[in-house]
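Me: I have a model open and want to learn how to read it. Can we go feature by feature, with the general idea ahead of the case?

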Amino acid sequence: MKRLIAAALVAVAATACSPPAEAPAPAEQAEPAPADRRQAAYRAGEEGPEPFVRALFARYDAASPLPAGETPPPGREPLYGRTLNAMIGADARTAGGGVAVLYCAPVCGCQDGEIVLQSVEIAETAVNQVDARVVFTRDGREVRQVMKLEREGPMWRVADVIPEGERPLTERLLEVIG
């Protein structure tokens with residue numbers, strides 16, 4: 001027993017006198033893959049309206065654009081509310097392979113380019129509904145819009161987008177699919 005205790009004490013003393021182990025070098029922070037950014041938007045949708053909006057815009061980082069295959073078919077985007085999805089799907093079917101009313105990403109009103117979110121202000125409009133007033137730049141030009149968000153189950157979703165000086169996206173879609 002004395003030998004065991006003595007051996008343990010020697011081991012502890014040797015460890016205490018040893019130079020500290022080198023900490024592993026921090027890994028390079030790689031840009032998240034598009035699928036990771038989509039998952040981050042889903043998670044943020046459960047955190048609250050402001051994190052959700054910020055995650056939506058983070059998906060449009062110009063340094064790593066979204067590949068075409070990453071976007072679900074029209075009318076099946078889980079980041080949009082049920083009604084907006086139904087309208088987008090009907091718009092695509094009405095266009096029949098031609099140019100639909102919604103030919104770009106509703107969040108930024110763009111197909112590509114440099115998108116930089118400048119600010120987000122959240123205002124509750126009803127239970128489980130908010131207006132997110134956003135300011136962002138698209139290729140260096142300032143854009144202002146209101147994103148109407150609604151909570152469906154545990155997740156916030158885009159219900160409508162109203163660019164400053166324009167009619168709501170849902171009104172423009174209803175004209176075509178009406």
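Reply: Start with a salt bridge: a side-chain nitrogen of Lys or Arg within 4 Å of a carboxyl oxygen of Asp or Glu. Here Glu142 and Arg144 form one, with their closest N and O atoms 3.1 Å apart. Glu142 is exposed, at 53% relative accessible area. Arg144 is partly exposed, at 39%. The accessibility words have cut-offs: buried is under 20% relative accessible area, exposed is over 50%, and partly exposed lies in between (1.4 Å probe, protein chains only).

Me: What should I know about the model and its numbering?

Reply: This is a predicted model, in which local features need pLDDT of at least 70 and side-chain atom pairs count only at pLDDT 80 or more, while totals for chains, interfaces and linings use all residues. Residues are numbered from 1 along each chain as its sequence is written, and side-chain values use heavy atoms, with hydrogens and water left out.

Me: How many salt bridges does the structure hold?

Reply: The structure holds 8. One of them joins Glu175 and Arg167, with the closest N and O atoms 2.5 Å apart. Glu175 is exposed, at 55%. Arg167 is partly exposed, at 37%. Salt bridges can also share partners: Arg82, Glu152 and Arg157 are joined into one network that way.

Me: What separates Arg54 and Glu50 along helix α3?

Reply: About one helical turn, because they are 4 residues apart in α3. Arg54 is partly exposed at 38% relative accessibility. Glu50 is partly exposed too, at 32%.

Me: How do I read the overall layout?

Reply: Count the elements, then follow their order. Helices (H or I, at least four residues) and strands (E, at least two) are DSSP runs, numbered from the N terminus. This chain has 5 helices and 4 strands. Along the sequence the pattern is α-α-α-α-β-β-β-β-α. Of the 178 residues, 37% count as buried.

Me: In what order do the strands form the sheet?

Reply: Pairing comes before order: two strands pair if DSSP finds at least two bridges between them. The 4 strands form an open sheet in the order β1-β2-β3-β4, with antiparallel pairing. β1 (115-126) and β4 (155-163) stand at the edges with a single partner strand each, so one side of each has no neighbour in the sheet. From one strand to the next, the twist averages 25°.

Me: How many bridges join β3 to β4?

Reply: There are 8, and the two strands run antiparallel. β3 covers residues 141-152. Take two examples. Lys148 has Asp160 of β4 as its bridge partner. Glu152 has Met155 of β4. The hairpin of β3 and β4 has 2 residues between the strands, and Gly153 there takes a positive phi near 65°.

Me: Is β4 mostly covered or mostly open?

Reply: Mostly covered: 9 of its 9 residues are buried.

Me: And how do I read side chains along a strand?

Reply: In a regular strand, side chains alternate between the two faces of the sheet. For a case to inspect, pick Glu150, found in strand β3. Its contacts are counted by a distance rule: heavy atoms within 4.5 Å. Leaving aside neighbours within four places in sequence, Glu150 touches Gly81, Arg82, Asn128, Gln129, Met155, Trp156, Arg157 and Ala159. Glu150 and Asn128 are 22 residues apart in sequence, yet their C-alpha atoms are 5.6 Å apart in space.

Me: Which strands does helix α3 lie across?

Reply: Helix α3 (residues 49-58) lies across β1, β2 (129-138), β3 and β4, running at about 150° to β1. For such angles, axes are lines fitted to C-alpha atoms, for helices over the stretch in contact, and angles run from 0 to 180 degrees between N-to-C directions.

Me: At what angle do α4 and α5 cross?

Reply: The axes of α4 (residues 82-95) and α5 (residues 169-177) cross at roughly 40° and come within 9 Å. α4 and α5 are therefore oblique to each other. The classes are: under 35 degrees roughly parallel, over 145 roughly antiparallel, 65 to 115 roughly perpendicular, and the rest oblique. Residues making the contact include Leu84, Met87 and Ile88 of α4, and Leu169, Leu173 and Ile177 of α5.
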